Every structure is written in C-alpha cells, then in structure tokens.
Amino acid sequence: MEFRVWGPLVREDVRGLCERLDGELRRSGAVVVTVDLAELAVPGPAAVDAVARMRLTAGRAGCRMRFRDVADGLRELLTLIGLGELLADDG
C-alpha cells in the first residue's frame, strides 16, 4: 500500500494524519506501507512528530513501514536527534 503525506505540516495535523493512515491500513489489510514524503520538504517539529507517530500507528496495525523521497533536511534532523532509525526499512 502507498500513503502520501502533504506538507507543510503543523503539529495539529499529525493526529488526523495518523488517523487517516490507520483507517487506510485497516481497510486495505496491508502488511507493508510505503509512505511518500516527497511533498514534505520542510523539516521541523511537526514533520519529526509525524514520522514517529506514523511508525507507531503502522506498528500497532501490524504493518511494516517504508519511507520514500525523504528530504535531506528531514533525514538529517531525525538523525541529529537520534531518530534516524525511524527511516530504516523494516522489510
């Protein structure tokens, strides 16, 4: 399954984003989801929160998550704060 994230995100968007992801995972029955972050080019607290919470959401649904088209700035920010492993491929 593919899931696209649009930006820019603010912190208030993260809950709805995860609810949308959870609903799509449950409807599809997917065991792997690829999250397209191409349009999430601005790294910041909301983007970091979204990545972390999407991983938790997928894990709770029994689904592995892969990320595609992660902006260098977001990858660097996640690595800097010790969350770079969230972008690792589970598959």
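Helix 1 lies across strand 1, strand 2 and strand 3, and runs at about 165 degrees to strand 1. Contact here means heavy atoms within 4.5 Å, and angles run from 0 to 180 degrees between N-to-C directions, with axes being lines fitted to C-alpha atoms, for helices over the stretch in contact. Helices (H or I, at least four residues) and strands (E, at least two) are DSSP runs, numbered from the N terminus. The model is predicted: local features need pLDDT of at least 70 and side-chain atom pairs pLDDT 80 or more, while totals for chains, interfaces and linings use all residues. Residues are numbered from 1 along each chain as its sequence is written, and side-chain values use heavy atoms, leaving out hydrogens and water.

The three strands form an open sheet in the order 1-2-3, with parallel pairing; two strands pair if DSSP finds at least two bridges between them. Strand 1 and strand 3 are the edge strands, each pairing on one side only. From one strand to the next, the twist averages 25 degrees. Strand 2 and strand 3 run parallel and are joined by 5 bridges. Among the residues bridged to strand 3, Val33 has Met65 as its partner, and Thr34 has Arg66.

Buried means under 20% relative accessible area, exposed over 50%, and partly exposed in between, with a 1.4 Å probe and protein chains only.

Phe67 belongs to the largest nonpolar core, which has 28 residues; Phe67, Val5, Val35, Leu37, Met54 and Leu74 have the most contacts inside it. Such a core is a set of buried Ala, Val, Leu, Ile, Met, Phe, Trp, Tyr and Cys residues joined through side-chain atoms within 4.5 Å. At least two residues of this core come from each of strand 1 (2-6), helix 1 (11-28), strand 2 (32-39), helix 2, strand 3 (64-68) and helix 3. Helix 2 gives the most, with 7 residues. Leaving aside neighbours within four places in sequence, Val5 is in contact with Leu17, Val35, Asp36, Leu37, Glu39, Leu40 and Met54.

Helix 2 (residues 45-60) also packs against helix 3 (residues 72-80), at an angle of about 75 degrees and with the axes 10 Å apart. Helix 2 is therefore roughly perpendicular to helix 3, a description that covers angles of 65 to 115 degrees, while under 35 counts as roughly parallel, over 145 as roughly antiparallel and the rest as oblique. Ala47, Val48 and Val51 of helix 2 make the contact with Leu74, Leu77 and Leu78 of helix 3. These residues divide into 6 nonpolar, no polar and no charged; Ala, Val, Leu, Ile, Met, Phe, Trp, Tyr, Cys and Pro count as nonpolar, Asp, Glu, Lys and Arg as charged, and the others, Gly among them, as polar.

Most residues other than glycine have a negative phi, and most peptide bonds are trans. A cis peptide bond, with omega about 0 degrees, joins Gly7 and Pro8, and Pro8 lies in the loop between strand 1 and helix 1. Asp69, in the loop between strand 3 and helix 3, has a positive phi near 55 degrees.
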